[in-house]
Each structure stands twice: as C-alpha cells, then as structure tokens.
Amino acid sequence: MQDTVVIIPTYNEIENIEAIIRAVFSQSDNIHILIVDDNSPDLTALKVKALQEEFLNRLFLKIRKEKAGLGTAYIHGFNWSLNKSYQYIFEMDADFSHNPKDLIKLYKACKDDGADLAIGSRYINNKVNVVNWDMKRLLMSYLASKYVRVITGMRIHDTTAGFVCYKRTVLETIDLSKIKFIGYAFQIEMKFKAYLKTFKITEVPVIFTDRTRGESKLSSGIISEAVFGVISMKLKSLFKK
Ligand SMILES: Nc1nc2c(ncn2[C@@H]2O[C@H](COP(=O)(O)OP(=O)(O)O)[C@@H](O)[C@H]2O)c(=O)[nH]1
Ligand SMILES: [Mg+2]
C-alpha cells in the first residue's frame, strides 16, 4: 500500500495510542501515519514522540496548542498531506472503533474499484453494524444518518461516518478553507461537498465497535451543530446553484 497516509486526531488517547499506531503499521509496510494531537493533558503526544524513533519517517506528529475540535484537526492533516505526495488519505479514530484491518478494503475501493471517496459504513445493506453502543446512542446515530439523507438528498447511508479514504483529487478540489463544522457535522459537510462535486462515493461495510479504553469526547454542542448545520448547509447549496 504505497502513497497512503492515515490521519488520526487525538485528544487524551494515552490508553489507545501505541496500540492503534502498531495496528495500523502492521497492515502494510508502506503506510504512513499523521497524528494530530491537541496538546492532550494525558501526554498522548509524548508517547507518539517516543514511537517516532522506532517508526522513523513513517510516523508524523503535529501538536496543536489546545483542543480545537476534530474538524479543524482533519483540515490541518489534509493540508499537510496535500503538501506531500500521498494519493490516498484516510480519516480514522484512535479508539479502535474503526478496525485497522478494514483499511485495506477502503484502500482497494478507491485504488481498484473506482471510488473517489470510500466510506467505512455502519448502516449499509439494511444492517446496523455497531457493537457495544447503548440504545440511545445507537438510535441517535442511526436517525441522524437518515435525517441527513433526507435533508441533503445524498444517497449515502452512513453520512456521519468518520472512517474514510479520500483520493487526493477530492481534497484538492474541495475548498478546505471553507469547511465550517468541527464535530459530526464536519463528516457530513465533507461528504456533501464531495457529492456536490459529483465525486464517486462508495460505502464499504464495516463493523464499528465502541471504545473500550479512554473516554468519548461527544458533546451536546456537537450534536446541535449537526442538527442545525445540515439544514443551513443544504439551503446554502440551493442558493448557490
Ligand atoms: N485533535 C483532536 N482530536 C479529537 C478532538 N475530539 C475528539 N478527537 C479524537 O477524535 C476521535 C473520535 O473521538 P471520540 O471521542 O472517540 O468520539 P466518538 O467516537 O464520537 O465518541 C478520537 O481519536 C479522539 O481522540 C479534538 O478536539 N481534537
Ligand atoms: Mg470514538
């Protein structure tokens, strides 16, 4: 797997960071990782620095001054990746909710099967492939995906998915400086922008497992950003036509 970078944003992931880095590298010798850490108080970045000696020129680290949200962490990572020669650029969580073994499936969907953007999808084929979420969280996520599908018109089942492989051209084409959202809505916005540019979007079934270590950073602010953000995003796109 050449020309590939996996961007992993981290905030207080000391319990997961080493294992996730090793698990990703064990998938292929040619994969690179960029960790974007927001100065985690649990010193996640220090662990990454120590591992950089072992994974020389494969493991990269950007430390930002303070917690500034997943969306801006990814935008930073995308710009960093576009400055290098990577052709396949991944989004992935640090907490093992996304199985590193699925990286290859998503990569192949882009490299061999013509997708511009491959989504690791929990809600495809009328299934709900989520392990260990309580009913409330599951329903919220599932209904959110349906809601976004109806409002935006995108024919994607898992619109809030955060396990994604982008072909370079997608990130080159989207104006990253105009991406507004920072939480779940960021994931929706990126897919919507790719959809408006008529890129080919493919959903690849994956099983999402809730984290067993560390804590979720989900907040109610992130949820309301998504609920209202989706409507305003759609309206703006209609006026721009
Ligand atoms: N750099 C950075 N990473 C974040 C931030 N918020 C969440 N993350 C990371 O984003 C990923 C997903 O967050 P998580 O808390 O697991 O969200 P959940 O899966 O929706 O509960 C994890 O790798 C987090 O460490 C943030 O503000 N900054
Ligand atoms: Mg998580």
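# Reading a predicted model, one feature at a time

User: Cys165 sits in strand S7 (residues 164-167). Is Cys165 buried or exposed?

Analyst: This is a predicted model, in which local features need pLDDT of at least 70, side-chain atom pairs count only at pLDDT 80 or more, and totals for chains, interfaces and linings use all residues. Residues are numbered from 1 along each chain as its sequence is written, chains are lettered from A and ligands numbered from 1 in the order in which they are written, and side-chain values use heavy atoms, with hydrogens and water left out. Strands (E, at least two residues) and helices (H or I, at least four) are DSSP runs, numbered from the N terminus. Buried means under 20% relative accessible area, exposed over 50%, and partly exposed in between (1.4 Å probe, protein chains only). Cys165 has 0% relative accessibility, so Cys165 is buried.

User: Which residues surround Cys165?

Analyst: Contact means heavy atoms within 4.5 Å. Setting aside neighbours within four places in sequence, Cys165 contacts Tyr88, Ile89, Phe90, Leu106, Tyr107, Cys110, Asp116, Leu117 and Ala118. A C-alpha distance shows how the chain folds back here: Cys165 and Glu91 are 74 residues apart along the chain, yet their C-alpha atoms are separated by 6.6 Å.

User: What does Thr10 touch?

Analyst: Thr10 belongs to strand S1 (residues 4-10) and is buried, with a relative accessible area of 4%. Not counting residues up to four places away in sequence, Thr10 touches Ile17, Ile35, Val36, Asp37, Asp38, Ser40, Thr44 and Ala94.

User: Is Asn57 buried or exposed?

Analyst: Asn57 is exposed, at 61% relative accessible area. Asn57 lies in the loop between H2 and strand S3 (59-63). From C-alpha to C-alpha, Asn57 and His32 are 8.1 Å apart in space and 25 residues apart in sequence.

User: How do I read the span of helix H3?

Analyst: The expected span of a helix is 1.5 Å times one less than its number of residues. Helix H3 (residues 70-83) has 14 residues, and from its first C-alpha to its last H3 reaches 20 Å, close to the expected 20 Å.

User: Which residues of H3 are buried?

Analyst: In H3 the buried residues are Gly71, Ala73, Tyr74, Ile75, Gly77, Phe78, Trp80, Ser81 and Leu82.

User: How is a pair of packed helices described?

Analyst: Two packed helices are described by the angle between their axes and the distance between the axes. Axes are lines fitted to C-alpha atoms, for helices over the stretch in contact, and angles run from 0 to 180 degrees between N-to-C directions. Angles under 35 degrees count as roughly parallel, over 145 as roughly antiparallel, 65 to 115 as roughly perpendicular and the rest as oblique. Helix H7 (residues 184-196) and helix H8 (residues 220-240) cross at roughly 20°, and their axes come within 8 Å. H7 and H8 are therefore roughly parallel to each other.

User: What is the handedness of the crossing of H7 and H8, and which residues make the contact?

Analyst: A crossing is left-handed if the near helix is turned anticlockwise from the far one by less than a right angle, and right-handed if clockwise. The H7 and H8 crossing is right-handed. H7 contributes Tyr184, Ala185, Ile188, Glu189, Phe192 and Leu196, while H8 contributes Ile222, Glu225, Ala226, Val230, Met233, Lys234 and Ser237. For classes, Ala, Val, Leu, Ile, Met, Phe, Trp, Tyr, Cys and Pro count as nonpolar, Asp, Glu, Lys and Arg as charged, and the others, Gly among them, as polar. By class, this contact has nine nonpolar, one polar and three charged residues.

User: How exposed is Leu196?

Analyst: Leu196, in helix H7, is partly exposed, with a relative accessible area of 41%.

User: At what angle do H5 and H8 pack?

Analyst: Helix H5 (residues 135-152) packs with H8 at an angle of about 10°, the axes being 10 Å apart. That makes H5 roughly parallel to H8. Met140, Tyr147, Val148, Ile151 and Thr152 of H5 meet Ile223, Val227, Val230, Ile231, Met233 and Lys234 of H8. The classes here are nine nonpolar, one polar and one charged.

User: Where is Phe96, and what is its phi?

Analyst: Phe96 has a positive phi of about 70°, although Phe96 is not a glycine. Phe96 is in the loop between strand S4 (88-91) and helix H4 (103-111). Phe96 is partly exposed, with 31% relative accessibility. Leu43 also has a positive phi, near 65°, and is placed in the loop between strand S2 (31-37) and helix H2 (44-54).
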